[in-house]
There are 2 protein chains.
Amino acid sequence: MTADETSAMDHPEEISTRFAEAWNSADAASLAELFAHDADFVNVVGLWWEDRERIRQAHDYGFRKIFGNSAMTLERTKLRRLGESAAIVHAEWSLTGQTAQGEKQPRPRRGVFTFVMQQGDSGWLAVAAHNTDRVPGSETLIADDDGLSPTSYQNR
Amino acid sequence: MTADETSAMDHPEEISTRFAEAWNSADAASLAELFAHDADFVNVVGLWWEDRERIRQAHDYGFRKIFGNSAMTLERTKLRRLGESAAIVHAEWSLTGQTAQGEKQPRPRRGVFTFVMQQGDSGWLAVAAHNTDRVPGSETLIADDDGLSPTSYQNR
């Protein structure tokens with residue numbers, strides 16, 4: 001396929017498996033083709049990409065530097081239809097094999113994606129994606145001199 | 001209003017200002033009324049609430065313990081219509097005045113919301129919300145013995 005083609009899907013809920021397949025193949029082009037040309041993507045640290053080419057570039061970088069040998073597993077998928085031609089897919093994931101930054105192998109991560117899907121002439125594409133890590137035992141984040149950290153106010 | 005009523009909106013893009021107003025009034029009931037009864041809400045640490053009452057309870061706790069004196073400011077709002085009766089609203093926010101956990105006042109935070117809106121008989125309600133902090137200088141998160149931390153692989 002050329003960079004301008006897309007991989008429209010027959011059903012909106014395919015996005016989670018198709019995204020994980022592209023991720024596990026470290027294939028940024030195939031991943032980007034799941035998105036509309038003007039799709040929005042908010043990643044786990046709030047980077048906000050606003051078109052397919054930026055989504056491709058960001059994942060190309062990610063697969064070269066950070067996630068080239070990682071494995072994403074889908075833990076749960078939830079579909080909500082919004083009329084005939086739009087839908088939301090929530091996908092909970094786990095991730096192993098992130099590239100190390102020191103000597104220790106990074107621990108597994110878990111998180112949840114919200115994908116918003118729209119049906120066009122050729123099928124369903126993602127028009128928005130938003131991803132967040134799940135932080136066990138935390139309720140929110142707090143910003144201090146050391147940066148941003150997960151925290152709980154339960155015993156406060 | 002009773003707990004079962006909602007505050008349907010005339011236009012989908014109202015969600016960002018209505019959410020910020022409810023937040024800045026520390027009013028969990030008004031905030032929850034912006035959502036459909038079975039709405040999904042994924043917060044900044046991946047807590048996933050799947051109905052309006054859980055959304056209300058979580059924000060009631062948050063306003064009592066964490067955000068009672070906080071102020072949310074909207075920095076940018078972006079609307080995408082999905083046909084006649086669905087829409088996506090991205091809202092970038094900043095937040096000051098989070099309750100301290102030690103002696104120091106927490107620093108301001110910034111982040112981005114994705115709201116998915118659906119039009120019903122009474123107007124527009126949020127059917128999904130997903131919120132993530134923006135972490136300056138970071139590209140992703142890494143899990144290690146100290147927990148989950150923002151990081152960059154730029155110079156790796």
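I looked up Ala71(B) and, leaving aside its neighbours within four places in sequence, found it in contact with Asn24(B), Ser94(B), Leu95(B) and Thr96(B) (contact: heavy atoms within 4.5 Å). This is a predicted model, where local features need pLDDT of at least 70, side-chain atom pairs count only at pLDDT 80 or more, and totals for chains, interfaces and linings use all residues. Residues are numbered from 1 along each chain as its sequence is written, chains are lettered from A in the order in which they are written, and side-chain values use heavy atoms, without hydrogens and water.

I placed Ala71(B) in strand 3 (residues 71-81) of chain B; strands are DSSP runs of E, at least two residues, numbered from the N terminus. Ala71(B) is partly exposed, at 32% relative accessible area (buried is under 20%, exposed over 50%, partly exposed in between; 1.4 Å probe, protein chains only). I checked Pro108(B) too: 37 residues from Ala71(B) in sequence, 9.7 Å away in space, C-alpha to C-alpha.

Next, the interface. I found 62 residues of chain A in contact with 62 residues of chain B. The two chains bury about 5,800 Å² between them, 52% of it on carbon and sulfur atoms (buried area: accessible area, 1.4 Å probe, that two parts lose on being put together, summed over both). In chain A, Val45(A), Trp48(A) and Gln101(A) lose the most area to chain B, together 12% of what that side buries.

I then looked up charges. Chain A and chain B share 14 salt bridges (a side-chain nitrogen of Lys or Arg within 4 Å of a carboxyl oxygen of Asp or Glu). Lys78(B) and Asp40(A) form a salt bridge through their side chains, 2.6 Å from N to O.

Terms used: Helices (H or I, at least four residues) and strands (E, at least two) are DSSP runs, numbered from the N terminus.
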